[in-house]
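Please look over the sequence and the model below before reading on. The briefing then goes from the whole chain to single residues.

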Amino acid sequence: MEINKIYNEDCLLTMKRLEGKVNAVITSPPYNIIRPNSTDRGYDIYKDDKTNDEYIDWTLDIFKGYNQILEPNGVVLYNMSYGTENTILMSLVIADLIRKSDFTLADIIVWKKQMATPNNVSHNKMTRIVEYIYVFCRKDEFYTFNCNKQKLKERETGQAIYENVFNFITAKNNDNSTDLNKATYSTELVRKLLLLYTKENDLIYDSFMGTGTTANACIIEKRNYLGSELSEEQCKYAEKRLNIRISQPQLF
């Protein structure tokens, strides 16, 4: 399978066809938070309206795929948030991934966005200015999964002391606006995650590539990428965007 390419297909199909391994997964799936009876899907073709049980089973299938394609000690960096109406699904998903998959939760990174739509119609719910990056590793790799924290020194006992890296990131909400995909996700965020958990020339997989944000960050940080995206129009948009990035880097 060719790398540095976005495949216009379901991610489960891409992962079945992948012959090699990837060093990390960085992605932001649909959150399944569209309000009941809403016509705003957030995406050009995907309808974000599964039941909670359907969404959980779907996520478990995706993580089975990750387990097959991920190199030993690789991580899955999974951006999720909760909805105004469906506040419980995010927690249910994380709980079932821990209980029913080969992965466990290693860290939770808080992503503070630059802006949020004010929640002025609720008298008791907060305006959500943060989202979360769930850092998953395999259960048997909890003490060995890859991270780029620098070793500072050793104690007399031989115990290594590492730099402080805080689980808090400030980054833009989005890159260029497009009606094809209104999800919150930015190149700045992905670049910071790449620097924390991957190395140059690593292969990064995004199962929900959308308009190419993860790929864009990979090009900047000299990583290879592989992506899946259901929407043909988003794939076309991403290809054009990435070709400009490669051919005219001085513009960015």
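Helices (H or I, at least four residues) and strands (E, at least two) are DSSP runs, and they are numbered from the N terminus. Leu203, for instance, has its place in strand 9. The model is a predicted one, in which local features need pLDDT of at least 70 and side-chain atom pairs count only at pLDDT 80 or more, while totals for chains, interfaces and linings use all residues. Residues are numbered from 1 along each chain as its sequence is written, and side-chain values use heavy atoms, with hydrogens and water left out.

**The protein as a whole**

- The secondary structure of the protein is made up of six helices and 10 strands.
- A compact globule with 252 residues would have a radius of gyration near 18 Å, and the protein agrees with this because its own value is 18 Å; the radius is taken over C-alpha atoms, and the globule rule is 2.2 Å times the number of residues to the power 0.38.
- Taken along the principal axes, the box that the C-alpha atoms of the protein fill is roughly 60 × 45 × 35 Å.
- Of the 252 residues, 47% count as buried, where buried means under 20% relative accessible area, exposed means over 50%, and partly exposed lies in between (1.4 Å probe, protein chains only).
- The accessible surface of the protein is about 13,700 Å², and 49% of it belongs to carbon and sulfur atoms; such areas come from the Shrake-Rupley method with a 1.4 Å probe, and for residues only the protein chains shown count as cover.

- Helix 2 covers residues 52-69, and its 18 residues reach 26 Å from the first C-alpha to the last, close to the 26 Å expected at 1.5 Å a residue; the expected span is 1.5 Å times one less than the number of residues.
- The buried residues of helix 2 include Tyr55, Trp58, Phe63, Gly65 and Ile69.
- Tyr55 has a relative accessible area of 0% and is therefore buried; not counting residues up to four places away in sequence, the residues that Tyr55 touches include Pro29, Pro30, Lys50, Met80 and Val93.
- The C-alpha atoms of Tyr55 and Ile246 are separated by 36 Å, and these residues are 191 residues apart along the chain.
- Met80 is found in strand 3, which covers residues 70-80, and Met80 is buried as well, with a relative accessible area of 0%.

- Why does Leu203 count as buried? Leu203 is buried because its relative accessible area is 11%.
- Leaving aside neighbours within four places in sequence, the contacts of Leu203 include Ile3, Val22, Ala24, Tyr225 and Leu226.
- Ala217 is 14 residues from Leu203 along the chain, and the C-alpha atoms of the two are separated by 12 Å.

- Asn119 lies in the loop between strand 4 (103-112) and strand 5 (130-138), and Asn119 is buried, with a relative accessible area of 16%.
- Beyond its neighbours within four places in sequence, Asn119 is in contact with Thr84, Lys125, Met126 and Thr127; Thr84 is 35 residues away along the chain, and its C-alpha atom is 9.0 Å from that of Asn119.
- Most residues other than glycine have a negative phi.
- Asn4 has a positive phi of about 55° although it is not a glycine; Asn4 sits in the segment before strand 1 (5-7) and is partly exposed, at a relative accessible area of 34%.
- Asn201, also not a glycine, has a positive phi near 75°; Asn201 is found in the loop between helix 4 (187-197) and strand 9 (203-206), and its relative accessibility of 58% is why it counts as exposed.

Technical notes: Contact means heavy atoms within 4.5 Å.
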